[in-house]
Amino acid sequence: MSAYFAINGDGDSHDVRPGSSNSHRGMRQRSSRGRKEGGIAGQAGWLSSVINLVNTIVGAGVLAMPLALSRMGMVLGVIVILWAGLTAGFGLYLQTRCARYLERGSASFFALSQITYPNAAVIFDAAIAIKCFGVGVSYLIIIGDLMPGVVQGFSENAAGVSFLVDRHFWVTGFMLIVIPLSFLRRLDSLKYTSVIALISIGYLVILVVAHFIRGDTMADRSAIRVVRWESAVATLSSFPVIVFAYTCHQNMFSILNEIGNNSHFRTTGVVGASVGVSGFIYILVAITGYLSFGNAVAGNIVSIYAPAVSSTIGKAAIVILVMFSYPLQVHPCRASVDAVLKWRPIKRSESPQSSPSRPASLFPSSKSGTPTRGDGMGETRFAAITTAIIVLSYIVAMTVSSLEKVLAYVGSTGSTSISFILPGLFYYKISSPDSPYHQRLMKENDDEEEEGDEDEGLLGGGGLKGGLWRKRLLRRLSLALAIYGVVVMITCLITNTLFAVAPH
């Protein structure tokens, strides 16, 4: 999510004779139940999964959408918002497909890297860890920047109390709130704080829409661009803001591991609902905010409203939003740091691809056969990594007042990698007909609808041909998504470099 800008199966062999489709389905259902018991079954509900994912997606970046529209023009801006949601949603969908190849409750970027590109796994997880750490630090910086103004907005006498207008005091104070939340193991445990964060988002949306309906900003409104854009350079500068606004893929595997019903229909529903709600919020705020100020709109639309209690509450809502979003960055950062620390280079003779058997090391379980915690970390290791992330982020937030330029480069590489490149490459590699994991280790319930089509094809029709055609199309689209991610990365890096040299 954009933060600081705003201040399987188709296995070749089956144990079921093709004489009866009902027999095949019954065996598949019994096999699915057995696997669920053997893995780590989740307990999170569908709604809590959507809430956490929406909170990961929608952040303070929503307040920069009107400015993006002013640079691109309304028509192109809305199209880009929809396109960004579509591509990000497809990346999330590919993650749900990839998770089917892994033991229940063990899906992660590291696990997929180990069976697709094992020697590059450390690079992938390092990029994710750096990206999440940087975004988390930016949230603390936002809190330190906004809270002195919030306090002065509620009380004019606050300026006379030195510590109330000291950013270091507020960063320290809010750290006391986020520390216990950051030590929660399960993402589902943050669903209540995510609800509070979504209420804050709701207030910000209502604030923008209410000002538009009242028309109290029309006297200061400048011209409106409907079709024309400001310039190609200005459009490119706003493109990363919109593309990265949907970044939530770092938490998708945790949601898939924790959701109680991980059927294809339910997980796809989580993706569709989360991206759909987020896209609606982005478009609503972008249009109403832009029509309120025209081309005079700023990067943080709340900051240009006339001083009032409602605007001050809006700034406080931003603080609450980023505060409860901080633990959502610690969670994937911790998992990636743990993966980096336990990574070891794999020789070609030891490569998982050389054997189709399921790598037991990826799916930890206790010696007694009882599944361990989903993250596979012991209490001491978990506490040490979490403490290190919190302490380091606190130190950086206290000593640095802006990470905007650094985050621009981190976002260009890390966000594009986890949103587009990795989901596309992982699925393209693991779903290859030559992949041993596709042939023997893929879940029997991966793509159940297509398996049903195969049964019908065996009995009398073209279901098998249709299923294979869809799978080939999905593989090609996954490769196209990875290529698109590389193009986005190069475009954003060039844009960041140009704007670092020549001011806008």
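**Exercise 1. Burial of helix α9**

Task: In this predicted model, which residues of α9 are buried?

Solution: 
- Start with the boundaries. Helix α9 covers residues 232-243.
- Apply the cut-off. Buried means under 20% relative accessible area.
- List the residues that pass. They are Ala234, Thr235, Ser237, Ser238, Phe239, Pro240, Val241, Ile242 and Val243.
- Conclude. Nine of the 12 residues are buried, and α9 is mostly covered.
- From first C-alpha to last, α9 reaches 17 Å, close to the expected 16 Å.

**Exercise 2. The partner of α9**

Task: At what angle do α4 and α9 pack, and which residues make the contact?

Solution: 
- Locate the partner. Helix α4 spans residues 74-99.
- Read the geometry. The axes of α4 and α9 are 9 Å apart, at an angle of about 35 degrees.
- Assign the hand. The crossing of α4 past α9 is right-handed.
- Name the contact residues. α4 supplies Leu76, Gly77, Val80, Ile81 and Ala84, while α9 supplies Thr235, Phe239, Ile242 and Val243.
- Sort them by class. The α4–α9 contact holds seven nonpolar residues, two polar and no charged.
- Link back to Exercise 1. Thr235, Phe239, Ile242 and Val243 are among the buried residues of α9.
- Recall the helix rule. Residues three or four places apart point the same way, because an α-helix has 3.6 residues a turn.

**Exercise 3. Helix α12 and its crossing with α2**

Task: Is α12 largely enclosed or largely open, and how do α2 and α12 cross?

Solution: 
- Size up α12. Helix α12 has 34 residues and reaches 51 Å, close to the 50 Å expected.
- Count burial. In α12, 24 of the 34 residues are buried, so the rest of the structure largely encloses this helix.
- Compare axes. Those of α2 (residues 46-57) and α12 (residues 309-342) come within 10 Å and cross at roughly 110 degrees.
- Classify. An angle of 65 to 115 degrees counts as roughly perpendicular. The two helices, α2 and α12, are therefore roughly perpendicular.
- α2 passes α12 in a left-handed crossing.
- List the contact. Asn52, Asn55 and Thr56 of α2 meet Leu321, Phe324, Ser325 and Leu328 of α12.
- Sort by class. The α2–α12 contact has three nonpolar, four polar and no charged residues.

**Exercise 4. Arg475**

Solution: 
- Arg475 sits in helix α17, residues 463-501.
- List contacts. Leaving aside neighbours within four places in sequence, Arg475 is in contact with Tyr427, Tyr428, Ser431, Ser432 and Pro433.
- Check a distance. Ile430 is 45 residues from Arg475 in sequence, and their C-alpha atoms are 9.8 Å apart.

Terms used: Residues numbered from 1 in each chain as written. Predicted model: local features only at pLDDT ≥ 70, side-chain atom pairs only at ≥ 80, totals over all residues. Heavy atoms only, no water. Axes fitted to C-alpha atoms, helices over the stretch in contact; angles between N-to-C directions. Helix = DSSP H or I, 4+ residues; strand = E, 2+ residues; numbered from the N terminus. Parallel < 35°, antiparallel > 145°, perpendicular 65-115°, else oblique. Left-handed = near helix turned anticlockwise from the far one by under 90°. Contact = heavy atoms within 4.5 Å. Nonpolar A, V, L, I, M, F, W, Y, C, P; charged D, E, K, R; others polar. Expected span 1.5 Å × (residues − 1). Buried < 20%, exposed > 50% of the residue type's maximum accessible area, 1.4 Å probe, protein only.
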